[in-house]
Amino acid sequence: MQVKMNTLQEAADNLLIAGFSILPTKTDKTPAIPKWGELQTRQMTSEHAEQVFKTAHGIAVVCGQISGGLECIDFDSHNNDIAKVFNEWGSDSGITDIVNRNKVYVEKSKSGGYHVLYRYESDTYQGSQKLAFWDDGSSMIETKGEGGYV
């Protein structure tokens, strides 16, 4: 008898194999395990992943050195027109050149924003930083770096 693995578990396995540190999330995108901070310096085992992803709603990747220098530029919608901001940013010739010359992954987030993911090498990895804000003070653009997750 062949047992079909759920797609979340398959994604977790594939991300672990690719060298990313991962964590299960709840429906509100918060970590579904206590003490997730340990995953900032140590990747979970496939056995642990098999246990915790059985009841998880989603999957997040821990940014920073633990995931090979993964960083994310996060364009947050917050009920505003982030597509216009993102498209203006992406149409800049300098940004287009960087994206075309490097391995950059862009995805639309569940909340309607955008994630621009890439890896970088450094002696010192930067933490998450707020780069731009909406008029109401909420975050428009931020980086997810060392110690953050996406």
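Predicted model: local features only at pLDDT ≥ 70, side-chain atom pairs only at ≥ 80, totals over all residues.
Residues are numbered from 1 along each chain as its sequence is written, and side-chain values use heavy atoms, with hydrogens and water left out.

Colleague: How many disulfides does the count come to?

Modeller: A disulfide is a covalent bond between the sulfur atoms of two cysteines, and the rule used here asks for a pair of cysteine sulfur atoms within 2.5 Å. The sulfur of C63 has its closest cysteine sulfur in C72, and because the two are 6.1 Å apart they are too far for a bond. By this rule, the number of disulfides is zero.

Colleague: Which residues of helix α1 are buried?

Modeller: Helices (H or I, at least four residues) and strands (E, at least two) are DSSP runs numbered from the N terminus, and buried means under 20% relative accessible area, exposed over 50% and partly exposed in between, with a 1.4 Å probe and protein chains only. On the other side of α1, T7 and I17 are exposed. Within α1, which covers residues 7-17, the buried residues are L8, Q9, A12 and L16.

Colleague: Within what arc do the buried residues of α1 fall, seen down the axis?

Modeller: The buried residues of α1 pack against β1 (21-25), α2 (46-52) and β2 (58-62), where contact means heavy atoms within 4.5 Å. The arc is that of the directions from the helix axis to the C-beta atoms. Seen down that axis, the buried residues, L8, Q9, A12 and L16, line one face of the helix, because they fall within an arc of 100 degrees.

Colleague: Is I22 buried or exposed?

Modeller: I22 is found in strand β1, and among the residues that I22 touches, not counting those up to four places away in sequence, are A12, L16, F53 and I59. With a relative accessible area of 0%, I22 is buried.

Colleague: Which side chain of opposite charge is nearest to D74?

Modeller: D74 has its place in strand β3 (residues 70-75), and its side chain makes a polar contact with the side chain of H115 at 3.5 Å. A polar contact is a pair of N or O atoms within 3.5 Å; within protein, one must be able to donate a hydrogen and the other to accept it, and residues adjacent in sequence count only if both atoms are side-chain atoms. For charge, Lys and Arg count as positive and Asp and Glu as negative, while His and the chain ends are not counted. D74 is buried yet has no salt bridge, and the nearest side chain of opposite charge, 4.3 Å away, is K144.

Technical notes
Salt bridge = Lys/Arg side-chain N within 4 Å of Asp/Glu carboxyl O.
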